[in-house]
Amino acid sequence: MEITIGKALEYSVLGILIVFVLIIVLMLVVRIMSAVVVRVTGTSGGSSGPGTAQSKSADVPSKERKAPGSAGDVKLYQVPDREAAMIMAIVAEKLQMPLNELRFLSIREVKEDEI
């Protein structure tokens, strides 16, 4: 049985349409499941797209938002970020405390002639 070019084109278009219809159905199933989960748990799961609830920190300016467990900003005076991170890790290790429970206000290098 030979298939003509017209029939092959017809089958191709039909196959593409079936794929797109199934993708749309899958998208609808995911949205419905997402809505059910949001309704049951009362949280948006971190999604802030249209039609979903936004997180509480969405109305806070980005400068004021802190990472979870963060204790605020650290002022660095002529100390590279990498060295400051190492100093904070060493202090946390010596004190045997988690880093997120410590609060560093500023870090600056003390020269030997300043001691």
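Tutor: Let's start with a definition: contact means heavy atoms within 4.5 Å. Keep in mind, too, that this is a predicted model.

Student: Leaving aside neighbours within four places in sequence, which residues is Ser106 in contact with?

Tutor: Ser106 is in contact with Val74, Lys75 and Tyr77. Ser106 itself lies in strand S2. With a relative accessible area of 42%, Ser106 is partly exposed.

Student: And how far is the C-alpha atom of Ser106 from that of Ala84?

Tutor: Those two C-alpha atoms are separated by 9.5 Å, while the residues are 22 apart along the chain.

Student: How much of the contact count comes from residues 24 or more positions apart?

Tutor: Take the contacts in the protein chain with a separation of 6 or more: 49% of them join residues 24 or more positions apart.

Student: Let me step back to the whole fold. How many helices and strands does the protein chain have?

Tutor: There are 2 helices and 2 strands. Along the sequence they follow the pattern α-β-α-β.

Student: How do I judge the span of a helix, say H1?

Tutor: Compare the distance from the first C-alpha to the last with the span expected at 1.5 Å a residue. H1 covers residues 5-41. With 37 residues, H1 reaches 54 Å, close to the expected 54 Å.

Student: Which residues of H2 are buried?

Tutor: For burial, look at relative accessible area: under 20% is buried and over 50% is exposed, with partly exposed in between. In H2, Ala84, Met88 and Ala92 are buried. These residues cover an arc of only 70 degrees around the axis, so they sit on the same side of H2.

Student: What do the buried residues of H2 pack against, and which residues are exposed on the other side?

Tutor: The buried residues pack against strand S1 (75-77) and strand S2 (106-108). On the other side of H2 you will find Arg82, Ile90, Glu93 and Lys94, which are exposed.

Student: What share of the protein chain's residues is buried?

Tutor: Buried residues make up 7% of the 115 residues. As for the surface, the protein chain exposes about 10500 Å², and carbon and sulfur atoms supply 62% of that area.

Student: Which residues make the nonpolar surface patch?

Tutor: Ile24, Met27, Leu28, Ile32, Val36 and Val40 make a patch of about 580 Å². Take Val36 as an example: this residue is found in helix H1. Val36 is partly exposed, with a relative accessible area of 46%.

Student: Now to charges. How many salt bridges does the structure hold?

Tutor: There are 2 salt bridges. Glu10 forms one with Lys7, the closest N and O atoms being 3.7 Å apart. Both residues lie in helix H1, 3 residues apart, which is about one turn of the helix. Glu10 counts as partly exposed at 47% relative accessibility, and Lys7 counts as partly exposed at 37%.

Student: Which residue does Lys111 form a salt bridge with?

Tutor: The partner of Lys111 is Glu109, and their closest N and O atoms are 3.8 Å apart. Lys111 is partly exposed, with a relative accessible area of 37%, and Glu109 is partly exposed at 44%.

Student: Which residue with a positive phi follows H2?

Tutor: That is Gln96, with phi near 55 degrees. Gln96 lies in the loop between H2 and S2 and is exposed, with a relative accessible area of 71%.

Note on methods
Residues numbered from 1 in each chain as written. Predicted model: local features only at pLDDT ≥ 70, side-chain atom pairs only at ≥ 80, totals over all residues. Heavy atoms only, no water. Buried < 20%, exposed > 50% of the residue type's maximum accessible area, 1.4 Å probe, protein only. Helix = DSSP H or I, 4+ residues; strand = E, 2+ residues; numbered from the N terminus. Arc of directions from axis to C-beta. Patch = residues over 30% accessible without salt bridge, like charges linked within 9 Å, V, L, I, M, F, W, Y side chains within 5 Å. Areas by Shrake-Rupley, 256 points an atom, 1.4 Å probe, with all protein chains shown as cover. Salt bridge = Lys/Arg side-chain N within 4 Å of Asp/Glu carboxyl O. Expected span 1.5 Å × (residues − 1).
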